[in-house]
Amino acid sequence: QALLVQSGGGSVQPGGSLELSCTTSGFTLQNYAAGWFRQATGKEREAVACISSSGGGTYYKEIVKGRFTVSRNDAKNTVWLQMNFLRPEDTGVYYCAVVWLGGRLCADTYDYWGQGAQVTVSS
C-alpha cells in the first residue's frame, strides 16, 4: 500500500480544469509540509505548488500562479491541487509528496511520494 494515495488526473482541452487529491495512508498529514511536482516527457521533475504544514505558507511556480491553487485539510488527511486555465505545456505526470516539519518547502527531497497521475492538455 502506498503511503500517499492520489486521485484525479485525466485529459482536458486547453482552458479546462482538473483537481488532484492526495490522501495519506497509515499516518496523519499533520506536521508535514506538502507539495505537488510534475514531470513532462523528456524533462526533469519540477515543483509546481507547495503548502506549509500549517497551511499558512504557499509556493507556486511562476508559470502556474493565478491558475493553480494548493490547499489542505488535516482533518481529512488530504491535500488538493486545483488546476484552472490549463495549457498544453501543463501536460505531465503529477506527483504529491510530503516532508516532515523542518524540511525545505518545495525542494525535491521530500520524505514520501504518491504514485503519480497523468494530466494531458490537448485539443
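Start at Thr78, which is buried, with a relative accessible area of 7%. Buried here means under 20% relative accessible area, with exposed over 50% and partly exposed in between (1.4 Å probe, protein chains only). The model is predicted: local features need pLDDT of at least 70, side-chain atom pairs count only at pLDDT 80 or more, and totals for chains, interfaces and linings use all residues. Residues are numbered from 1 along each chain as its sequence is written, and side-chain values use heavy atoms, with hydrogens and water left out.

Thr78 belongs to strand S8. Strands (E, at least two residues) and helices (H or I, at least four) are DSSP runs, numbered from the N terminus. What does Thr78 touch, leaving aside its neighbours within four places in sequence? Its contacts are Ser21, Cys22, Thr23, Leu29, Ser71, Arg72 and Asn73. Contact means heavy atoms within 4.5 Å.

Now the nonpolar interior. In soluble globular proteins, nonpolar side chains tend to be buried together. A nonpolar core is a set of buried Ala, Val, Leu, Ile, Met, Phe, Trp, Tyr and Cys residues joined through side-chain atoms within 4.5 Å. The largest core has 27 residues, of which Leu20, Trp36, Val70, Leu81, Met83 and Tyr94 touch the most other members. Strands S3, S4, S5, S7, S8, S9 and S11 each give two or more residues to this core. Apart from it lies another core of eight residues, including Ala33, Phe37, Cys106 and Tyr110.

Next, the sulfur links. How many disulfides does a search of the whole structure find? There are two, a disulfide being a pair of cysteine sulfur atoms within 2.5 Å. One joins Cys22 to Cys96, S to S 2.0 Å. This pair links strand S3 to strand S9, 74 residues apart. The link is right-handed, with 65° about the S-S bond. Both cysteines, Cys22 and Cys96, are buried.

The other joins Cys50 and Cys106, with sulfur atoms 1.7 Å apart. Cys50 sits in strand S5 and Cys106 in the loop between S9 and strand S10, 56 residues apart. The torsion about their S-S bond is about 90°, so this disulfide is right-handed. Cys50 and Cys106 are both buried. With the bonded cysteines numbered in sequence order, the pairing is 1-3, 2-4.
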